[in-house]
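Hello,

Here is the structure for your files. My notes on it follow below.

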Amino acid sequence: MIKWILLIVVAILIFYYINKKLTKTTHVWNECVECHSCGTYVVEREAIKRRGKYYCSEECLRKSS
Ligand SMILES: [Zn+2]
């Protein structure tokens, strides 16, 4: 009987962990920034940040500097 209770508790913990992770991932993906050079919107973690400004590519970074 204790075995079953433990199993249910573990299952609930795993469910909450996955749920939290998914929410976090979705949140990150929605965070888009505008390229300072061409105006294209890119995901923040894929953008290049220089002097507080975001760029979509190395090319845009070179163009504006
Ligand atoms: Zn750009």
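**Contacts and overall form**

Leaving aside residues up to four places away in sequence, A47 touches V33, V42, Y54, Y55 and C56; a contact means that the C-beta atoms of two residues, placed from the backbone, lie within 7 Å. This is a predicted model, in which local features need pLDDT of at least 70, side-chain atom pairs count only at pLDDT 80 or more, and totals for chains, interfaces and linings use all residues. Residue numbers start from 1 along each chain as its sequence is written.

A47 also belongs to the largest nonpolar core, whose 5 residues are A47, Y54, Y55, C56 and C60. Such a core is a set of buried Ala, Val, Leu, Ile, Met, Phe, Trp, Tyr and Cys residues joined through C-beta atoms within 7 Å. Buried residues (20 or more other C-beta atoms within 10 Å of the residue's own, C-beta atoms being placed from the backbone) account for 9% of the 65 residues in the protein.

The protein contains 2 helices and 4 strands, in the order α-β-β-β-β-α along the sequence. These are DSSP runs, with helices H or I of at least four residues and strands E of at least two, numbered from the N terminus.

An automatic or database assignment sets the domain bounds: domain 1 covers 1-30 and domain 2 covers 31-65. Their centres, taken over C-alpha atoms, are 35 Å apart.

Along the principal axes, the C-alpha atoms fill a box of roughly 70 × 15 × 15 Å. Of the contacts between residues at least 6 apart in sequence, 10% join residues at least 24 apart.

Regards

Terms used:
A residue is buried if 20 or more other C-beta atoms lie within 10 Å of its own, exposed if 12 or fewer, and partly exposed in between; C-beta atoms are placed from the backbone.
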